[in-house]
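The entries follow the order in which I looked things up.

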Amino acid sequence: MNDIKNSLKCGSSEVNNTLILVEHKPVYTIGVRSKPYEDLLLEKRLKGLGAEFVRTNRGGLITFHGSGQLVVYPVLYLPSFGTLNRSIRCYVRSLETTLIHLCHSFGVKTSVVEGLPGVWVDNDRKIAAI
């Protein structure tokens, strides 16, 4: 893990494609979309449930990570996937397709919902966030 961090800090293009799999302690992360998240009452209530509350510079609004959830962080050099269109949008679609096949192998019927990233069960329950 330190090799990956050091390579990224140095701007090296020699980073091997890597998947980092973790299970977080209970934490709510707050991203920034069009405006900062400022619901202080909700923040206090969520902290009262025993979870950390962390502001980040990622997209999106509020996300919970906790026990029993597998979180995967891909560290990839997209041009190394020669035949793959190098756009982030294409990469996200490729991840969604892979996750749908994985879920189906466990008997869970999933799909994408147009306009919403991630993989969904019954079009209203997200099973995988991207």
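Entry 1, overall fold. I started with the secondary structure and found three helices and eight strands in the protein chain, bearing in mind that this is a predicted model. Reading along the sequence, I wrote the order down as α-β-β-α-β-β-β-α-β-β-β. I then looked at the contacts between residues at least 6 apart in sequence, and 55% of them join residues at least 24 apart.

I noted that the protein chain has 130 residues, of which 24% count as buried. For the accessible surface I have a value of about 9,700 Å², with 57% of it belonging to carbon and sulfur atoms.

Which residues make the nonpolar surface patch of about 390 Å²? I listed L19, L21, L70 and V72. I followed up L70, which I located in the loop between β4 (62-65) and β5 (71-75). L70 has a relative accessible area of 59% and therefore counts as exposed, because the cut-off for that class is over 50%.

Is T110 buried or exposed? T110 sits in the loop between α3 (88-105) and β6 (111-113), yet its relative accessibility is 6%, so I recorded it as buried, the limit being under 20%. Leaving aside residues up to four places away in sequence, I found T110 touching I100, C103, H104, V119, W120, V121 and I127.

How many aromatic pairs does the structure hold? I counted two. One of them is Y28 with F53, a tilted pair with 6.5 Å from centre to centre and 40° between the planes. This pair links distant parts of the chain, since Y28 belongs to strand β2 (residues 27-30) and F53 to strand β3 (residues 52-55), 25 residues apart. I checked the burial of both partners: Y28 is buried at 14% relative accessibility, and F53 is likewise buried at 14%.

I then turned to Y28 and F64, whose ring centres are 4.9 Å apart and whose planes meet at 55°, so this pair is tilted as well. Because Y28 lies in strand β2 and F64 in strand β4, the pair ties together parts that are 36 residues apart in sequence. F64 comes out as partly exposed, at 36% relative accessibility.

Notes: Residues are numbered from 1 along each chain as its sequence is written. This is a predicted model: local features need pLDDT of at least 70, side-chain atom pairs count only at pLDDT 80 or more; totals for chains, interfaces and linings use all residues. Side-chain values use heavy atoms; hydrogens and water are left out. Helices (H or I, at least four residues) and strands (E, at least two) are DSSP runs, numbered from the N terminus. Buried means under 20% relative accessible area, exposed over 50%, partly exposed in between (1.4 Å probe, protein chains only). Contact means heavy atoms within 4.5 Å. Accessible areas come from the Shrake-Rupley method with a 1.4 Å probe; for residues, only the protein chains shown count as cover. Patches are made of residues with over 30% relative accessible area and no salt bridge: like charges are joined within 9 Å, nonpolar side chains (Val, Leu, Ile, Met, Phe, Trp, Tyr) within 5 Å. A salt bridge is a side-chain nitrogen of Lys or Arg within 4 Å of a carboxyl oxygen of Asp or Glu. Rings of Phe, Tyr and Trp (its six-membered ring) pair if their centres lie within 6.5 Å; planes under 30 degrees apart count as stacked, over 60 as edge-to-face and the rest as tilted.
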